[in-house]
Every structure is written in C-alpha cells, then in structure tokens.
Amino acid sequence: MENKFNTQLSQLRRQAGLSQEQLASQVFVTRQSVSKWEQGETTPDLDTLIRLATVLGVSLDELVSGRSTATHQTETEATFDQPEPAGATTGHPMWEFLANYWWALVALAGVIGVFFGH
C-alpha cells in the first residue's frame, strides 16, 4: 500500500492556510519535523498524529490514508450521530484538542503537585 501521509499532510496544511512553522507550533514540534514529514523522510509518532489530525480537523484515517471516514460510515452509524451540545467549544483546533485531552492536563497537574508538594 502506497504511503499517502506526506502528500496528504501537505495538502491538508495548505487547505487550512497554515505554514509549516504555524503547524509545527500548534503540534509542539519544529518546522524541520513538518518539512521531513511532508518530504516523506520521517513520520510522526501516534501522539503527534493525533494532534495533527485535531489541528487539521480531520480523522486519523483521512490524515494517514486520504480516505474520509464519512465515506465509510454506514447508514446505521449516521443515524446515531448526535448533534454537538449547545455551548460546546468549536472552531479553534486547540480548544478541540483540549476538550479531547483534558484528562491529560489533570494528570499532569497531579504529577506536578506530587513533585512540588502542593
């Protein structure tokens, strides 16, 4: 199977109107890392792939393979899609990332509290 990640990443980044530097900043890596991914020299780890998908507003499947999960969703699954609750944070990828990974921030705060005795 052909690796489409590098071309897909470049295309999605441009569609989002982001430079390599801007994308790198949002996923906490260097611009050189983004460049190497887009050139097909290296690939990011799973945690970084998740951050990339969140920032770019796509599923992991679409990011990695170019296939939209919407095209693979069955009619039954579509029936059970729930509308987003009123007042939910939308729009900015960082808020969506924080909404999905709040538990990691809580765990980190706990670890910091243990080390600093608070």
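A surface patch here is made of residues with over 30% relative accessible area and no salt bridge, where like charges are joined within 9 Å and nonpolar side chains (Val, Leu, Ile, Met, Phe, Trp, Tyr) within 5 Å. By that rule, Leu108, Val111, Ile112, Phe115 and Phe116 make a nonpolar patch of about 550 Å². Areas come from the Shrake-Rupley method with a 1.4 Å probe, and for residues only the protein chains shown count as cover. Ile112 sits in helix H9 (residues 102-116), and its relative accessible area of 43% makes Ile112 partly exposed. That label goes to anything between buried (under 20% relative accessible area) and exposed (over 50%), with a 1.4 Å probe and protein chains only.

A word on ground rules: this is a predicted model, in which local features need pLDDT of at least 70 and side-chain atom pairs count only at pLDDT 80 or more, while totals for chains, interfaces and linings use all residues. Residues are numbered from 1 along each chain as its sequence is written, and side-chain values use heavy atoms, with hydrogens and water left out.

**The overall picture**

The protein has nine helices and zero strands, running α-α-α-α-α-α-α-α-α from the N terminus. Helices (H or I, at least four residues) and strands (E, at least two) are DSSP runs, numbered from the N terminus. Of the 118 residues, 26% count as buried. Among contacts (heavy atoms within 4.5 Å) with a separation of 6 or more, 52% join residues 24 or more positions apart.

Nonpolar side chains tend to be buried together in soluble globular proteins. A nonpolar core is a set of buried Ala, Val, Leu, Ile, Met, Phe, Trp, Tyr and Cys residues joined through side-chain atoms within 4.5 Å. In this model the largest one has 16 residues, and Phe5, Leu9, Leu23, Leu52, Leu56 and Leu63 have the most contacts inside it. Helices H1 (5-15), H2 (20-27), H3 (31-39) and H4 (46-56) each give two or more residues to this core, with the largest share, five residues, coming from H4.

H4 is mostly covered, with eight of its eleven residues buried. Those buried residues are Thr48, Leu49, Arg51, Leu52, Ala53, Thr54, Val55 and Leu56. Their cover includes H1, H2, H3, helix H5 (60-65) and helix H8 (93-100). Leu63, leaving out residues up to four places away in sequence, touches Phe5, Gln8, Leu9, Leu12, Leu49, Leu52, Ala53, Leu56 and Val58.

**Helix H2 and what follows it**

In H2, the buried residues are Gln20, Leu23, Ala24 and Val27. Seen down the helix axis, they fall within an arc of 100°, so they line one face of H2; the arc is that of the directions from the axis to the C-beta atoms. H1, H3 and H4 are among the elements covering them. The face turned away from the buried side carries the exposed residues Glu21 and Ser25.

Just after H2 comes Phe28, with a positive phi of about 65° even though Phe28 is not a glycine. Phe28 lies in the loop between H2 and H3.

The structure holds one salt bridge, meaning a side-chain nitrogen of Lys or Arg within 4 Å of a carboxyl oxygen of Asp or Glu. The pair is Arg13 and Glu38, whose closest N and O atoms are 2.5 Å apart. Arg13 is in H1 and Glu38 in H3, so the bridge ties together parts that are 25 residues apart in sequence.

For side-by-side reading, here is how some of the residues discussed in this report score on accessibility.

| Residue | Relative accessible area | Class |
|---|---|---|
| Arg13 | 6% | buried |
| Glu38 | 10% | buried |
| Thr42 | 35% | partly exposed |
| Arg14 | 56% | exposed |
| Phe28 | 56% | exposed |

**Two pairs across the sequence**

Arg14, also in H1, is 42 residues from Leu56 in sequence and 9.9 Å from Leu56 in space, C-alpha to C-alpha. Thr42, in the loop between H3 and H4, is 36 residues from Asn6 in sequence, with 9.0 Å between the C-alpha atoms. Leaving aside neighbours within four places in sequence, Thr42 is in contact with Lys36 and Trp37.
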